[in-house]
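Hello,

Here is the structure we talked about handing over. Please open it first, then read my notes below.

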Amino acid sequence: MKTGAKILVEGLQREGVGTIFGYPGGVVLPIYDELYDSSLRHILVRHEQAAAHAADGFARASGRVGVCLATSGPGACNLVTGIATAYMDSVPIVAITGQVPTSLLGNDAFQESDITGITLPITKHNYLVKRTEDLGRMLREAFYIAGTGRKGPVLIDIPKDVSMKSIEYEHPGSEPVTLRGYQPTLRGHAKQIDKALEMILEAEQPVIYAGGGVIASDASEELVRLAETLVIPVTTTLMGLGAIPCDHPLNLGMLGMHGTRSANYAVTESDLLIAIGARFDDRVTGKLDSFASHARIIHIDIDPAEIGKNKKVDVPIVGDVRSVLQDMLAKLQKKKSYDRWLARISGWKEKHPLQYVSDNSLRPQYVVEQLSGLLKGEGIIVSEVGQNQMWTAQYFCFRKPRTWITSGGLGTMGYGFPAAIGAHFACPDQVVFDIAGDGSFQMNIQELSTVASNNIPVKVAILNNRFLGMVRQWQELFHNRRYSFTELPSVDFVKVANAYGVDGIRVDSCEEVVPALKAAIETDGPFVLDFRVEREENVFPMVPAGAAINEMIGGQQG
Amino acid sequence: MKPHTLSVLVENKAGVLSRVTGLFSRRGYNIESLAVGICEEPGMSRITIVCIGDDAGIEQVMKQLNKLIDVIKVSDLTDNERVERELALIKVNAEPGTSRAEIMQLATIFRAQIIDVAAKTIILSITGDTEKIDAFEKLLRQYGVKELVRTGRISMLRGSKVLKGGK
């Protein structure tokens, strides 16, 4: 006989889960009792939101399903932002919540919330387990759904009596999960692939536009091989950074609102856009009618609903990006030269590099560049959201997939620090940096306690400008510098870190940057770096909201 | 923009209807009519939804519906030969005398059934397509409709073709 709690914990281990992130409470007591002497590692966070982000960071860094656990009501509700973040970026997590006993369901019982109802629009699927007999099956389905097809979060809500009840249960082993309503298409249609290859031969000015789907399907190698074989330039989305090495000659950098001029010009001028695992998000396309308006479009995506959602597509290919790219590579016979096009692109790259004012003042871009230089493509970089995120995307040289972790779709401030904790447990041998702003860091600053008590060696580099910088930038540019509620008081983050038992250094000048970063890297445990950067630095270039992506402002000297 | 009739085969499980209808409201589509019930397959239900939208919008709704794990198959019946029915119950003022006789005559013409008779009212049941029920209701208004209940529209392809599961 096994209790529901035991079935759950054993089931998690059968799925290969080694670490979960959670926070206890009343109705999850039976589950926590089971965890007490289990070999499953549980990391106690200080706020449930951090548990969800940590599970997400774990999943992005490892490619495996991340798991978080919270109690009913407030615990479950605190997971919501983390689940929504994972949903928007297609990250596989399984969120387990406790629920009031089935006899009290719908009674407005203490700490009851309808979490399956609340998370309906932000989960790939969710379950309310009403019988212990269903728990094992639902858990297996949850992992299967989360980690296959277009990945995403799945929530399992377990009433207290369901986890307490004992039943006869045997795990079905490796027997595959089958669901009649869920059969994702993995192989691309052969005829569509042929059509795409023909279209590539007909093009004169092709560009590959690669997104997070390339990372999610572990297709970076195939992407680079395709680009190199056909000699076609590649631009990536924010989520696609790392899919092709930053310094690869065919890499144009990121496109979109804060993309490079060369990437945005190339897409605008292209006659063929090959979208791979990307979804034509508004931050990428700017004014939709002007986006790649001279181009025919090939769109490879695992989710048929993304094809044609925002932009009409000429050749849709539904399938797993990796599988489709492998099929394309196998079929490639002819290729042609796009030399004139490549020459034009080189011209743009030369004429419009990313640049910032280089003087004696401490600028955030400089900090990111120095860190990039020190790590040489090693390590995992997590960011918060806002200017810190964009500067990291622009100035950190990502060379490998899954080394860049950021909240793209939802844009969740406070994501980075707990996600970095999750990334550490996925890749314990890698140095993990959270590049933060002073605003974002304060949204989950309580996790300093988590990293301190577990000696989790996450380094936080705060680009501290005492502003909610990105909002301030918009106010400067579009609201006559009326800085409405965006100025933050100075916080001594080193003292805060010290209070939690974490070391830190404050940095005020350029000369101190490299020694401080080295000190952080060499420290065995967590570390906080408080970089007092130029306060009103802007992220440039920038495509103003509603403009076409070739109508960029800023980022050019002279 | 035109009305589309979607037939959605789903798992017969708690919460499936809210998953389906939630998707419509979330993505900004209005449901004109909705009917749901068990079907020929054990463990499955069939939902018939009428909604108005352009072709691209309806295609997006169908793709999003298909992504729901509990949705087994989605079909757009709009451009197919099909039969459609709705049912309405109408409680109408019918004082004994001429108006009651007139109403009974109308019922005969429309093949409606009288299913309840009280001192001052009667209840009529009518099935048919939307237009027929609309027309009948309009004619009854002059007598005073006290209450009206209508089901959503249900729809089925003509001929031997069937909508089976399997995405």
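**What was found**

In chain A, six strands form an open sheet of 6 strands in the order β3-β2-β4-β5-β7-β6, with parallel pairing. Strands here are DSSP runs of E with at least two residues, helices are runs of H or I with at least four, and both are numbered from the N terminus. Two strands pair if DSSP finds at least two bridges between them. The edge strands are β3 (41-44) and β6 (125-128) of chain A, each pairing on one side only. From one strand to the next, the twist averages 20 degrees. Axes for such angles are lines fitted to C-alpha atoms (for helices, over the stretch in contact), and angles run from 0 to 180 degrees between N-to-C directions.

This is a predicted model: local features need pLDDT of at least 70, side-chain atom pairs count only at pLDDT 80 or more, and totals for chains, interfaces and linings use all residues. Residues are numbered from 1 along each chain as its sequence is written, while chains are lettered from A and ligands numbered from 1 in the order in which they are written.

Back to the sheet. Strands β2 (residues 19-22) and β4 (residues 66-70) of chain A run parallel and are joined by 2 bridges. Phe21(A) has Cys68(A) in β4(A) as its bridge partner.

Next, a helix. In α11 (residues 261-269) of chain A, 8 of 9 residues are buried. Buried means 20 or more other C-beta atoms within 10 Å of the residue's own; exposed means 12 or fewer, partly exposed is in between, and C-beta atoms are placed from the backbone. Among the buried residues are Arg261(A), Tyr265(A) and Val267(A). Their cover includes β9 (206-210), β12 (272-276) and α14 (339-351) of chain A.

Now chain B. An automatic or database domain assignment gives domain 1 (2-80) and domain 2 (83-154). Their centres, taken over C-alpha atoms, are 29 Å apart. In chain B, 5 residues of domain 1 are in contact with 4 residues of domain 2. Contact means C-beta atoms, placed from the backbone, within 7 Å. On the domain 1 side, β2(B) gives the largest share, 3 residues.

Finally, the chains meet. 16 residues of chain B are in contact with 13 residues of chain A. On the chain B side, α1 (16-26), α2 (55-67) and β4 (71-76) each supply at least two residues. That side divides into 3 nonpolar, 6 polar and 7 charged residues. Ala, Val, Leu, Ile, Met, Phe, Trp, Tyr, Cys and Pro count as nonpolar, Asp, Glu, Lys and Arg as charged, and the others, Gly among them, as polar.

Best wishes

Terms used. Two residues are in contact if their C-beta atoms, placed from the backbone, lie within 7 Å.
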